[in-house]
Amino acid sequence: MSEADAPLILTAELPPELHHRYTALRTEHFPPERNYLEAHVTLFHAIPAQCEDELRRYLARLVGEVAPVRGQVEGLMSLGGGTAIKLSSPDLLALRDEIAEHFRGLLTQQDQHRPRLHVTIQNKVTSKEAKALQAQLLGTIEAREIAFPGLALHAYRGGPWEFIRRFAFRGK
């Protein structure tokens with residue numbers, strides 16, 4: 001994959017204390033040979049690389065109009081062969097819908113659908129391993145209100161993501 005072809009990944013940033021806590025859980029429980037990333041909430045998996053300039057301009061304008069976005073930590077979520085922290089945020093999904101509408105016709109099949117908001121803690125393990133971790137973490141992930149402070153844009157290069165830019169919500 002050439003530099004120019006690297007698809008773009010757009011994530012919602014977690015509040016700093018949750019980012020640190022969930023990254024530590026990920027480091028402890030994600031298979032180390034596949035753990036290239038810190039905790040994140042993926043909104044889009046593969047926006048075409050040729051959209052980067054337009055996406056940067058669009059997001060820079062959008063975040064100036066949007067205050068930190070309210071959400072909720074719901075608790076644990078089974079991924080079958082993994083474990084995640086389930087999140088909810090009608091406001092974040094509405095913002096994502098705006099971005100998706102702007103780039104309609106350019107999105108992959110996967111990115112045409114709303115995601116289930118979550119932070120993956122463990123993935124690509126056996127169902128038995130996942131259930132064991134869920135039992136271990138039961139009661140440690142409490143429901144709480146949060147505010148997503150911004151968005152982050154990355155390029156996918158086959159392993160670690162290349163950070164491109166942060167877009168902090170600045171609206172009132």
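The entries below go through the sheets, then the helices on them, then the pockets.

**Ground rules.** I am working from a predicted model, where local features need pLDDT of at least 70, side-chain atom pairs count only at pLDDT 80 or more, and totals for chains, interfaces and linings use all residues. Residues are numbered from 1 along each chain as its sequence is written, and side-chain values use heavy atoms, with hydrogens and water left out.

**Entry 1: one sheet.** I started with strands, taking helices (H or I, at least four residues) and strands (E, at least two) as DSSP runs numbered from the N terminus. Two strands count as paired if DSSP finds at least two bridges between them. I found an open sheet of 4 strands in the order β5-β4-β3-β6, paired antiparallel. Its edges are β5 (118–122) and β6 (144–148), each pairing on one side only. For angles, axes are lines fitted to C-alpha atoms, for helices over the stretch in contact, and angles run from 0 to 180 degrees between N-to-C directions.

**Entry 2: going strand by strand.** I followed β3 (residues 69–78) first, which is joined to β6 by 5 bridges. Glycine 71 has isoleucine 146 of β6 as its bridge partner. On to β4: 6 bridges join β3 to β4, running antiparallel, and serine 78 stands opposite threonine 83 in β4. The β3–β4 hairpin has 4 residues between the strands, and there I noted glycine 80 with a positive phi near 80°. Next, β4 and β5 pair antiparallel over 4 bridges, with threonine 83 opposite glutamine 122 in β5.

**Entry 3: another sheet.** I then looked at an open sheet of 4 strands in the order β2-β1-β7-β8, again with antiparallel pairing. Which strands stand at the edges? They are β2 (41–47) and β8 (161–168); each has a single partner strand, so one side of each is left without a neighbour in the sheet. Neighbouring strands of this sheet are turned by 20° against each other on average, direction ignored.

**Entry 4: β7.** β1 (residues 8–12) and β7 (residues 150–156) run antiparallel and are joined by 5 bridges. Leucine 10 has leucine 153 of β7 as its bridge partner, and leucine 8 stands opposite alanine 155. On to β8: 7 bridges join β7 to β8, and glycine 150 is partnered with alanine 168 in β8. In the β7–β8 hairpin, with 4 residues between the strands, glycine 158 takes a positive phi near 90°. Burial came next, where buried means under 20% relative accessible area, exposed over 50%, and partly exposed in between (1.4 Å probe, protein chains only). In β7, 6 of the 7 residues are buried, so the strand is largely enclosed by the rest of the structure.

Entry 5: I checked what lies across them, with contact meaning heavy atoms within 4.5 Å. Helix α2 (residues 52–65) lies across β1, β2, β7 and β8, running at about 30° to β8. Helix α3 (residues 90–102) packs on the sheet too, touching β1, β2 and β7, and its direction makes about 10° with that of β2.

**Entry 6: pockets.** I used a 1 Å grid over the protein atoms alone: a cavity is a set of points where a 1.4 Å probe fits but cannot get out, a pocket is an open set with protein on both sides within 12 Å along at least five of seven lines, and lining residues have an atom within 4 Å of a point. Grid points are joined across faces, edges and corners, and a volume is the space filled by probe spheres set on the points.

The largest pocket holds about 660 Å³ of space. It is lined by 28 residues, and the closest to its centre are His40, Thr42, His45, Asn123 and Trp161. β2 and β5 are the elements giving two or more residues to this lining, and β2 gives the most, with 4 residues.

The second largest pocket has a volume of about 350 Å³. Of its 14 lining residues, His19, Glu38, Ala39, Ala152 and His154 are the closest to its centre. Here β1, β7 and β8 give two or more residues to the lining.
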